[in-house]
Amino acid sequence: MSSWWRTAAGDGLRRAARVMRSYHTIQAIPRELKGNRVSARDRAQGRIPAVVFTQSYLQSNPSSSSSSRPVSRKHLLTTEKKQIQAILDSVQLPFFCSTTFPLQIRAGSGSSSLLESGNVLPIKATGIRYLPDKREDTIASPLRKIHRDQETGKILNLVFVWADEGTELKVDVPVVFNGEEACPGLQKGTSDTKWLALEGLIGKPKKQGGHLNRIRTTLKYLCPAEHIPSKIEVDVSNLDIGDKVFMQDIKVHSSLKLLSKNESIPICKVAATNLD
């Protein structure tokens with residue numbers, strides 16, 4: 001029986017990813033001032049406020065980070081709205097927060113002076129909090145992948161974490177299901193139903209067989225920054241009615257650790273369709 005899984009981590013995909021990262025090097029400049037008015041002014045000028053820091057900034061014990069970058073290396077930045085939108089159009093939003101990008105922080109717009117550079121990973125969720133002295137600060141929030149305006153959908157701010165080689169990051173990796181058009185459990189009974197309809201023995205044909213129940217659309221892994229998969233592709237082309245794919249069936253790079261207490265939880269199932 002062929003495997004029910006495959007990951008987007010092959011050599012060809014890695015080469016394509018390197019080309020993409022080279023093309024999508026994010027250019028940013030420092031943001032000296034904070035606050036709503038400053039952020040609004042940046043957005044009006046076609047820029048998006050951003051921040052980059054180490055993963056330890058999100059933890060209760062900052063000293064526990066494995067990254068060599070100290071917490072003080074947090075940078076308040078602005079990025080070009082057109083470039084970020086081009087990246088989102090190319091990478092696609094569901095995979096944006098599981099893809100690392102090169103970041104270059106320059107002294108100013110059009111400056112050749114490079115202040116700092118490195119790979120970064122967009123944080124899955126962002127939010128804004130305000131410190132006691134009314135200064136703006138950025139934290140993680142489980143509400144949204146990118147901070148967008150609820151009415152217009154425009155990107156309001158971005159948050160990145162340094163993804164230095166050897167740094168382990170928690171990543172929600174999107175799951176993509178392939179092979180539904182060939183899945184026997186989804187197609188079963190279709191030809192017989194069409195024949196009966198042609199013979200006038202039944203009315204309008206109804207699709208028999210099953211439907212794919214997508215139980216999990218993401219899987220959380222602890223990943224070395226250099227081995228973060230942008231997505232996990234699950235092949236369902238061999239599944240019959242009642243078949244399931246479990247977390248433990250997914251094969252990824254040996255350095256990735258699935259952050260689940262129960263690996264026997266299914267991520268999808270071909271369930272029978274109840275017909276009237």
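Two strands are taken to pair if DSSP finds at least two bridges between them, and strands (E, at least two residues) as well as helices (H or I, at least four) are DSSP runs numbered from the N terminus. The model is a predicted one, in which local features need pLDDT of at least 70 and side-chain atom pairs count only at pLDDT 80 or more, while totals for chains, interfaces and linings use all residues. Residues are numbered from 1 along each chain as its sequence is written, and side-chain values use heavy atoms, with hydrogens and water left out.

Under this pairing rule, strand β15 (residues 244–246) and β17 run antiparallel and are joined by 3 bridges, with Phe-246 standing opposite Pro-266 of β17. Strand β12 (residues 210–214) is likewise antiparallel to β17, through 5 bridges, and here Asn-213 stands opposite Lys-269. Of the 7 residues of β17 (residues 266–272), 5 are buried, so this strand is largely enclosed by the rest of the structure; buried refers to a relative accessible area under 20%, exposed to one over 50%, and partly exposed to values in between, with a 1.4 Å probe and protein chains only.

Strand β3 (residues 47–53) runs parallel to β10 and is joined to it by 4 bridges, whereas β6 (residues 114–122) pairs with β10 in the antiparallel sense over 3 bridges. Phe-160 of β10 is the bridge partner of Val-52 and also the bridge partner of Pro-122. Strand β9 (residues 147–148) is antiparallel to β10, with 2 bridges between them, and His-147 has Asn-157 of β10 as its bridge partner. As a general point, side chains in a regular strand alternate between the two faces of the sheet.

The search for charged pairs, in which a salt bridge is a side-chain nitrogen of Lys or Arg within 4 Å of a carboxyl oxygen of Asp or Glu, finds 3 salt bridges in the whole structure. In one of them, the side chains of Glu-80 and Arg-47 meet at 2.8 Å, N to O. Because Glu-80 lies in strand β4 (residues 75–80) and Arg-47 in strand β3, this pair ties together parts that are 33 residues apart in sequence. Glu-80 is partly exposed, at a relative accessible area of 33%, whereas Arg-47 is buried, at 11%.

Asp-172 and Lys-220 form another salt bridge, with an N to O distance of 3.2 Å. Since Asp-172 belongs to strand β11 (residues 168–178) and Lys-220 to strand β13 (residues 218–224), the pair ties together parts that are 48 residues apart in sequence; Lys-220 is partly exposed, with 31% relative accessibility. A further salt bridge links Arg-214 with Glu-180, whose closest N and O atoms are 2.3 Å apart. Arg-214 lies in β12 and Glu-180 in the loop between β11 and α5 (184–187), so that parts 34 residues apart in sequence are tied together. Both residues are partly exposed, Arg-214 at 40% and Glu-180 at 26%.

Aromatic rings were examined next. Rings of Phe, Tyr and Trp (its six-membered ring) pair if their centres lie within 6.5 Å, and planes under 30 degrees apart count as stacked, over 60 as edge-to-face and the rest as tilted. The structure holds 1 aromatic pair, formed by Phe-96 and Phe-101, which is tilted, with 5.5 Å from centre to centre and 40° between the planes. Phe-96 is buried at 1% relative accessibility, and Phe-101 is buried at 0%.

Cys-183 is buried, with a relative accessible area of 0%, and Cys-97 is buried at 9%.

In the backbone, Gln-92 has a positive phi of about 80° although it is not a glycine. Most residues other than glycine have a negative phi. Gln-92 is located in the loop between α3 (81–91) and α4 (93–96) and is partly exposed at 43% relative accessibility.
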